[in-house]
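Here are a few notes to read with the structure open beside you. Take them one at a time and find each spot as you go.

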Amino acid sequence: MEHTCRIIGVVNQKGGTGKTTTALHLGAGLAQKGKRVLLVDLDPQASLSILADLDLSIRRLSIADLLEAEIYRLPSAEPMERTDKEAIINLDDNLDIIPSSISLSSIELKLIAADAREFMLKGILDPLREHYDFILVDGLPSLGSLMINLLTAADEVIIPTKAEFLDIQGVSLLINHGINRVRSRLNPNLRIDGILLTLVNERLKATKEIMDELSDIAQSAGIPIFSSMIVSATVARDASKKGLTVYKCAPGSKLATAYMNFVEEVLALG
């Protein structure tokens, strides 16, 4: 049977949507299911690297270094597989990460002058497909060059969003001015797996109204909404402080169950 690797972007141009926590728990959950997973932190704030409990004071190769090398690599040169592997850090069984660093913020400017600038991340990730079942890219909250690179490199995207009116409106912006533009020019096969509601407060009366509005937006765009909902819970903050996932910090919690249900939904999409 031919090996396939799914490159999934976890994206939202708005910050504070639970995007990074979603990427970590999706990756860790898939790894627990026996899938080989690579996390890629594509945010200069390095939130995913911090959540993964990496010591950012230690100088190591990051996605910024790989992108810079790809920008200046001659078209005739071989892919930088050795360098790529040196940037990969093992986190747990079946789970690796390519970390980020603050120097990623300067890559945006370098991309502007690069030939085929939209394909730099794709040039890095495609050679790694053979080693993994899933490559999950945690995108930065922006619609700039790095986000375009992510959407060009990905097979699929997942959109985590908070259950609040302003965040729901931001989903339309992401779809119309980000995803659909990339589909039309650079990556026509890019698939939206669905919208994931995060940080849900089930006790708020407004939550139902927000969900109804999101349902209308999703239906008009032909985008599914994951049936799993990620509730707002103090256990998530406790896990983050300890550098753990909720699977390890609170394995029997409602939040851990919700994330694992989400993992099952992603696996079922195939």
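1. Start with a pairing you can look up: Gly-9 sits opposite Val-157, a residue of strand 6. Bear in mind as you look that this is a predicted model. The two strands involved here are strand 1 (residues 6-10) and strand 6, and they pair in the parallel sense over three bridges.

2. Now try the other partner of this strand. Strand 6 is joined to strand 7 (residues 191-200) by seven bridges, and these two run parallel as well. One spot to check is Ile-158, which stands opposite Gly-194 in strand 7. To get from strand 6 to strand 7, the chain passes through helix 8 (residues 165-185), and this β-α-β crossover is right-handed.

3. Why can we say that strand 6 is largely enclosed by the rest of the structure? Seven of the seven residues in strand 6 (residues 156-162) are buried, so the strand is largely enclosed. Buried here means under 20% relative accessible area. You can go through it face by face: Glu-156, Ile-158, Pro-160 and Lys-162 are buried on one side, and Val-157, Ile-159 and Thr-161 are buried on the other. Both faces of the strand are covered, then.

4. Next, hop over to Gly-178, which has its place in helix 8. Is Gly-178 buried or exposed? Its relative accessibility is 0%, so Gly-178 counts as buried. Leaving out residues up to four places away in sequence, Gly-178 touches Leu-143, Leu-151 and Leu-173. Have a look at Gln-13 too: Gln-13 and Gly-178 are 165 residues apart along the chain, yet their C-alpha atoms are separated by 8.9 Å.

5. Last stop, the largest pocket, which holds about 450 Å³ of space. The lining has 28 residues, and the closest to the centre of the pocket are Thr-17, Gly-18, Lys-19, Thr-21 and Leu-199. Two or more lining residues come from each of these elements: helix 1 (19-32), helix 2 (47-51), strand 7, strand 8 (225-231), helix 10 (234-241) and helix 12 (254-269).

6. Which element gives the largest share of that lining? Helix 1 does, with five residues. As for the kinds of residue, the lining of the largest pocket divides into 12 nonpolar, 12 polar and four charged.

Definitions and conventions: Residues are numbered from 1 along each chain as its sequence is written. This is a predicted model: local features need pLDDT of at least 70, side-chain atom pairs count only at pLDDT 80 or more; totals for chains, interfaces and linings use all residues. Side-chain values use heavy atoms; hydrogens and water are left out. Buried means under 20% relative accessible area, exposed over 50%, partly exposed in between (1.4 Å probe, protein chains only). Helices (H or I, at least four residues) and strands (E, at least two) are DSSP runs, numbered from the N terminus. Two strands pair if DSSP finds at least two bridges between them. A crossover is right-handed if, with the strands pointing away from the viewer, the path from the first strand over the helix to the second runs clockwise. Contact means heavy atoms within 4.5 Å. On a 1 Å grid over the protein atoms alone, a cavity is a set of points where a 1.4 Å probe fits but cannot get out, and a pocket is an open set with protein on both sides within 12 Å along at least five of seven lines; lining residues have an atom within 4 Å of a point. Grid points are joined across faces, edges and corners, and a volume is the space filled by probe spheres set on the points. Ala, Val, Leu, Ile, Met, Phe, Trp, Tyr, Cys and Pro count as nonpolar, Asp, Glu, Lys and Arg as charged, and the others, Gly among them, as polar.
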